[in-house]
Protein chains: 2
Amino acid sequence: MRLSQLFTKTSKTTPADETARNAQLLIQAGYVHKEMAGVYAYLPLGKKVLDNIAQIVREEMNAIGGQEVQMTVLQPRELWEKTDRWDDKKVDNWFKTKLANGTELGVGLTHEEPIVDALKDFVGSYKSLPVYVYQIQTKFRNELRAKSGLLRGREFAMKDMYSMARTQAEHDKLYEQVVEAYGRVYKRLGIGDATYRTFADGGIFTSKFSDEFQTISEIGEDTIYVDESKKLAINKEIYTDENLAKLGLNKADLVEKRGVEVGNIFSLESKYTDALDVYYTDDKGAQQSIIMGCYGIGISRLMGLLAEHFADDKGLVWPEAVAPAKVYLARLGDAPEVVKQADELYEWLGKAGVEVLYDDRDVRAGEKFADADLLGIPYRLVVSAKTTADSYELKARTTDDSKQVSGDELLKLLQITD
Amino acid sequence: MRLSQLFTKTSKTTPADETARNAQLLIQAGYVHKEMAGVYAYLPLGKKVLDNIAQIVREEMNAIGGQEVQMTVLQPRELWEKTDRWDDKKVDNWFKTKLANGTELGVGLTHEEPIVDALKDFVGSYKSLPVYVYQIQTKFRNELRAKSGLLRGREFAMKDMYSMARTQAEHDKLYEQVVEAYGRVYKRLGIGDATYRTFADGGIFTSKFSDEFQTISEIGEDTIYVDESKKLAINKEIYTDENLAKLGLNKADLVEKRGVEVGNIFSLESKYTDALDVYYTDDKGAQQSIIMGCYGIGISRLMGLLAEHFADDKGLVWPEAVAPAKVYLARLGDAPEVVKQADELYEWLGKAGVEVLYDDRDVRAGEKFADADLLGIPYRLVVSAKTTADSYELKARTTDDSKQVSGDELLKLLQITD
């Protein structure tokens, strides 16, 4: 895309009403627009990053047999009364609304109940199970405070998957498959090394632990204890001698860290399926409970985390897999031969499948370089009067030095993807 | 995808609580799940159709320079008070909700106000204009009645684009570019011939007409008068001698038809931009009003229309461009050589980029054929004990006769895309 066409612009001033660094940077760089606290719109470059993250998650969910659906935002009260999650005294972060005739509706904050209800007609036989169903959807949570930018939204994008199994053993197998898929997601996003499977409280439905995925970060809201050699961690909320023994973790091996929760997995036993009267019939004709699991990844939270985690004092630094473009092509000056070479390079890279942000604007070099840094595009390529026919000045966002490369070298470098 | 893996199943019974044929068929075929009247969840095959429609619209909007964003569902009251569209007496189909602190919020029913507000910081100079911005988003409208299935939803998917221009002439040019892009959308969806640019009431912001795009259909809610040779129509609501004269239409050439509105375009003059204090500075430094247009296409409504428009007494008939798969591969029997041949064919087509629904289930031929018809997949391919090495039985959904084709012929046939 040509920057002269892109309607967003970068800003030199930090937004006064944001304390979270991720939101400050994303607003300054024109990736998002703040609608209200915890509610952000995605502008063209931000939409690309969000879509790139969602696509990586989608691919990994599909790879383990996940089937994608799209549940609804509007929720009927009856469904949630059956599981006792309608009353505001029980669930305190609902947004609620009303039909014209006065009937109360919920604004979707999670989707266990509607998923179970929608699958009712399809999972009656043991032959229909197991199944993974997921969606990438907007969720709404009426948080009292929302000061962490994209890390804690009132309206946010989430991937939520649900599994249904016939037995506890089958459930356990599905559960571990998702743990592995999550590992692949974080690796592709560039935070594999910094992200730990973290044991946490299992909630009210199971005597087991739940799993969180925590990315080590100074900005984390959670305190965790990390065993680096085992690549495991335990959340402070369940950090007791008894639990450490159960999990085979040694106090001496653990280091206290701050973490951002980038995923979670819960065993739900048959709490929701039983409450909603959804059972399956086994091969002997007997009615059996369905064992469920739920698996979340915050898509927009990941965008906020990646923004804040990798940023430096010059701005954003996107991992290649999610960047809105791989190359920032800065054309310096508007001499006809420079324009011609830059235009040709832009087209050539486009045809080779390399996404390029082409800075064809009539502004000085310093401003172009500052924008390339603030926007966090992985590679900066310069075309100027000094550029010769087959030699280009390339600089990675994460290094200070540029180098001269030939066209062949350039393509080779840029086509190495995650 | 293998049908043995797909969690949805078809049903032989028509849902009792649906009067709209599109919803009946889509529910019976397992494409959608009804959450409540006018609110549908999309199951795997339905999600594919919805995404296919959205992608066609996206490509055509990008082709004319549209920049994709994603605005928010939650809406701050202040913004809508500035344009006098907050009060329920003025706009009677809002869903409203409240923050935990009691602040009232809207649940997005359209996005003129937030789009203008989000662009405020970017369109101050004449150099930044013109611009097209669009999104494909879920909208919420508190309709009193919702009995038309996907044709009129309380929660529905819509593409809404907004243009901002410096002058009326520039606006008129942008407007006509979208008219042409809409024509390409309907053509790709297979309803090009049945869809008419239809003059309608321009609303309160302009003395001009607005444009609707009406697909001729018995199920239409609108009455229009069609000039088939000019490929134009006029909505009954403005069907007066005076307007006919203005539009150069002759009563004698017009035929009364029923139509489904599959798109609309409004000239908004500077109503929203002025109200929200968003202006641009021209090349002489003077402040000028920004002229806006808005351009809608109902994505889920199109899905409902295509379902109902093309269906026959056996079920759905999807146009190739939006079908969830191009081929329904029915394997008859489970003799090892049949399984082997069908498995190989499934893999071979997949590698050739042909999307296949592979009916590998242990059910009788009649049930497979009935499902192939109900699901509306464009081509049915049969592998049975009678199939020889390089001869396949192929039948189009829209014909009764099958024919034998070789592998080469098959690929050639299937790779011809829209």
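## Contact between the chains

In this predicted model, 42 residues of chain A are in contact with 41 residues of chain B; contact here means that C-beta atoms, placed from the backbone, lie within 7 Å. Elements that give two or more residues to the side of chain A touching chain B include β2 (39-42), α2 (44-63) and β7 (131-140) of chain A. Helices (H or I, at least four residues) and strands (E, at least two) are DSSP runs, numbered from the N terminus.

That side of chain A has 24 nonpolar, eleven polar and seven charged residues. Ala, Val, Leu, Ile, Met, Phe, Trp, Tyr, Cys and Pro count as nonpolar, Asp, Glu, Lys and Arg as charged, and the others, Gly among them, as polar.

## A sheet in chain B

Five strands of chain B form an open, mixed sheet in the order β18-β17-β19-β20-β21; two strands pair if DSSP finds at least two bridges between them. Because β18 (356-359) and β21 (402-405) of chain B each have a single partner strand, one side of each is left without a neighbour in the sheet.

Strand β20 (residues 392-396) of chain B runs antiparallel to β21(B), and four bridges join them. B:Lys395 stands opposite B:Ser402 in β21(B).

## Helices across the sheet

Helix α9 (residues 336-351) of chain B lies across β17, β18 and β19 of chain B, at about 165° to β17(B). Axes are lines fitted to C-alpha atoms, for helices over the stretch in contact, and angles run from 0 to 180 degrees between N-to-C directions. Helix α11 (residues 407-415) of chain B lies across β17, β19, β20 and β21 of chain B, at about 120° to β21(B).

## Conventions

Residues are numbered from 1 along each chain as its sequence is written, and chains are lettered from A and ligands numbered from 1 in the order in which they are written. Local features need pLDDT of at least 70, side-chain atom pairs count only at pLDDT 80 or more, and totals for chains, interfaces and linings use all residues.

Key:
Contact = placed C-beta atoms within 7 Å.
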